Amino acid sequence: MMALLQILFGLGILAVAYHGYRAGEIPAGAGYRPTRDENPAGFHCFLTLYLCSGIALLVWGVFALVGLAEPMPLS
Amino acid sequence: MPRHRREPGDAGGGDYFPYAASALAGAVVCLALTITSGGREAIDTAAYFPLGVPLMAAAIFVISYVFPLRAWRWTLSMAAGQLVAMLLAGSSLNLWPLAIIAMLVYSTPQFLAGLAGSRLGRRKATSRAR
């Protein structure tokens, strides 16, 4: 169950990253949306963060699904 | 002046996103295989071909579908990401020419998946443009 959730979260984060890349504006917290034109450093920083974490969550979820890795522990 | 000619399916906005996504996907899959196998090289693990290669091919398929122009670039970028992951995992550079050739041969499924995704993406973009 947790593995599926991880895959879903990973896909969701990747979708946010792709949508932000296309729109040139990425959501990054309450009221903070760095844009490619006005705040390129913040935009690319959050884009990289979302890309890395989305792919990592997705791969971790698939590995957990096939039994190669422990799913993320929920306490 | 535009950097390159726009064709149906060109997502625009620069090209770094698919490069970064494919390189990261290759690196993360290889690092995950190395970590789960207790430090062995990703390519030597039992799960590389049954799990790692299909996972990377699926990633390339999706990336090529969304960015269908010259999709072979995403596979090369993924191979570079895999090489970086293997270097990070402690592989030596003694046999690097051989490693590059082997990596390109092992990337054949990704090239094919990229070709299929690119064709589908172009077809969709062309039908949308009509």
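The largest nonpolar core of this predicted model holds 50 residues, of which A:Val59, B:Leu24, B:Ala25, B:Val28, B:Val29 and B:Ile60 touch the most other members. A nonpolar core is here a set of buried Ala, Val, Leu, Ile, Met, Phe, Trp, Tyr and Cys residues joined through C-beta atoms within 7 Å. A residue is buried if 20 or more other C-beta atoms lie within 10 Å of its own, exposed if 12 or fewer, and partly exposed in between, with C-beta atoms placed from the backbone. Two or more residues of this core come from each of α1 (2-23) and α2 (40-65) of chain A, and from each of α1 (16-36), α2 (48-66) and α3 (72-88) of chain B. The largest share, 13 residues, belongs to α1(B). Helices (H or I, at least four residues) and strands (E, at least two) are DSSP runs, numbered from the N terminus.

Because the model is predicted, local features need pLDDT of at least 70 and side-chain atom pairs count only at pLDDT 80 or more, while totals for chains, interfaces and linings use all residues. Residues are numbered from 1 along each chain as its sequence is written, and chains are lettered from A and ligands numbered from 1 in the order in which they are written.

Leaving aside neighbours within four places in sequence, B:Leu24 is in contact (C-beta atoms, placed from the backbone, within 7 Å) with A:Leu51, A:Cys52, A:Ile55 and B:Gly81. The contact between the chains takes 13 residues from chain B and 13 residues from chain A. On the side of chain B that touches chain A, the elements giving two or more residues are α1 and α2 of chain B. The largest share of that side, nine residues, is supplied by α1(B). By class, that side has eleven nonpolar, two polar and no charged residues; Ala, Val, Leu, Ile, Met, Phe, Trp, Tyr, Cys and Pro count as nonpolar, Asp, Glu, Lys and Arg as charged, and the others, Gly among them, as polar.

Chain A has two helices and zero strands. Its radius of gyration, taken over C-alpha atoms, is 14 Å, well over the 11 Å that the globule rule gives for 75 residues, so chain A is more spread out than a compact globule. The globule rule is 2.2 Å times the number of residues to the power 0.38. The C-alpha trace of chain A spans about 45 × 25 × 15 Å along its principal axes. Of its 75 residues, 31% count as buried. Among contacts in chain A with a separation of 6 or more, 58% are between residues 24 or more positions apart.

Helix α1(A) has 22 residues, which at 1.5 Å a residue should span 32 Å, and its end C-alpha atoms are 31 Å apart, in agreement. The expected span is 1.5 Å times one less than the number of residues. Buried positions in α1(A) are A:Gln6, A:Gly10, A:Ile13, A:Leu14, A:Ala17, A:Gly20 and A:Tyr21. Seen down the helix axis, the buried residues of α1(A) fall within an arc of 125°, so they line one face of the helix; the arc is that of the directions from the axis to the C-beta atoms. These residues pack against α2 of chain A together with α1 of chain B. On the other side of α1(A), A:Leu4, A:Ala15 and A:His19 are exposed. The helix is followed by A:Gly24, whose phi is positive, near 80°.

Chain B has five helices and zero strands. Of its 130 residues, 40% count as buried. Among contacts in chain B between residues at least 6 apart in sequence, 81% join residues at least 24 apart.

For α3(B), 17 residues should span 24 Å at 1.5 Å a residue, which agrees with the 25 Å between its end C-alpha atoms. Its buried residues include B:Trp74, B:Met78, B:Gly81, B:Leu83 and B:Met86. The cover over the buried residues of α3(B) includes α1, α2, α4 (96-106) and α5 (108-129) of chain B. Just after α3(B), B:Gly90 takes a positive phi of about 105°.

In the loop between α2 and α3 of chain B lies B:Arg70, which has a positive phi of about 45° although it is not a glycine. Most residues other than glycine have a negative phi. With 13 C-beta neighbours inside 10 Å, B:Arg70 counts as partly exposed. B:Ala125, in helix α5 of chain B, is likewise partly exposed, with 16 C-beta neighbours inside 10 Å. B:Ala125 and B:Val66 are 59 residues apart in sequence and 9.6 Å apart in space, C-alpha to C-alpha.

How values were computed. Two residues are in contact if their C-beta atoms, placed from the backbone, lie within 7 Å.
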